[in-house]
Amino acid sequence: MTSADGRPALLLVEDDAVLGPLIAELLEPDYRIRLAANGQDGLHLALTQAWDVMVIDRGLPVMDGVTLIKALRAKGISTPILILTALGDTAEKVTGLDAGANDYVTKPFDAGELAARLRALTRTFAPASTPASTPVSIGDWELDPASRSMRSVYGRLVSLTAKEGELLGALAAEPGRVFTREELLGRHFHPTDQPGVIDTYVHHLRRKISRTVVRTVHGVGYQIGDALE
Ligand code: CA
């Protein structure tokens with residue numbers, strides 16, 4: 001994750017031999033960058049290392065960008081992803097977002113715009129509401145915000161992504177309160193995200209931790225659950 005020098009870790013998957021290194025050079029002052037030149041290498045790096053944000057080109061050899069993003073989301077990787085698509089191709093943008101990308105930039109793009117979109121995506125990682133850094137009890141589990149992990153009383157340890165930890169921390173901070181999707185979205189996610197993204201994260205959390213970790217309050221939203229192991 002965020003490297004020792006404080007720069008967020010960015011995985012760039014771009015096969016263009018000129019554009020790839022150019023983007024890397026452009027973003028280097030603000031991010032610790034790793035460049036992969038095809039979808040297969042991108043998939044491997046995305047699954048074996050932790051990243052704060054990913055920039056994935058739509059058109060890639062071996063495995064195209066949309067397939068790559070779908071594969072990552074299917075594996076439970078919830079890192080923010082920006083997809084690079086061809087100019088004016090609305091269908092491509094929609095396909096990219098539907099596959100699980102959080103935002104898109106069309107080629108050719110302005111360097112300033114790409115940097116701004118990435119700031120917006122990574123800013124959501126900053127502890128905006130400064131969640132407590134002390135462990136929080138959730139049923140049979142304890143959330144440790146510092147290490148972004150959940151440990152059960154039976155010793156099971158589950159590591160969370162920044163977003164999962166943030167969402168869970170927010171719910172656990174006010175146990176009696178039911179949050180609407182819109183509230184959670186506004187506080188913790190990217191402005192262009194749809195409320196459905198909250199459902200996705202809740203699904204991930206339930207699958208990783210316990211079905212009861214987050215309670216659905218029908219017609220309203222979500223509340224922290226009793227998290228039975
Ligand atoms: Ca390409």
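Lys-208 is partly exposed, at 25% relative accessibility; the class lies between buried, under 20% relative accessible area, and exposed, over 50% (1.4 Å probe, protein chains only). Its salt-bridge partner is Glu-164, with the closest N and O atoms 2.7 Å apart; a salt bridge places a side-chain nitrogen of Lys or Arg within 4 Å of a carboxyl oxygen of Asp or Glu. Glu-164 belongs to helix H6 (residues 162-173) and Lys-208 to helix H8, so the pair ties together parts 44 residues apart in sequence. Glu-164 counts as buried, at 0% relative accessibility.

This is a predicted model, in which local features need pLDDT of at least 70 and side-chain atom pairs count only at pLDDT 80 or more, while totals for chains, interfaces and linings use all residues. Residues are numbered from 1 along each chain as its sequence is written, and side-chain values use heavy atoms, without hydrogens and water.

Helix H8 (residues 196-208) also meets helix H7 (residues 181-188): their axes come within 9 Å and cross at roughly 90 degrees. Helices here are DSSP runs (H or I, at least four residues), numbered from the N terminus. Axes are lines fitted to C-alpha atoms over the stretch in contact, with angles from 0 to 180 degrees between N-to-C directions. Arg-181, Leu-184 and Leu-185 in H7 meet Val-197, Ile-198 and Asp-199 in H8, where contact means heavy atoms within 4.5 Å.

Within this pairing, the side chains of Arg-181 and Asp-199 form a salt bridge (2.6 Å, N to O). Arg-181 is partly exposed, at 25%, and Asp-199 is partly exposed, at 28%.

Note on methods:
Helix = DSSP H or I, 4+ residues; strand = E, 2+ residues; numbered from the N terminus.
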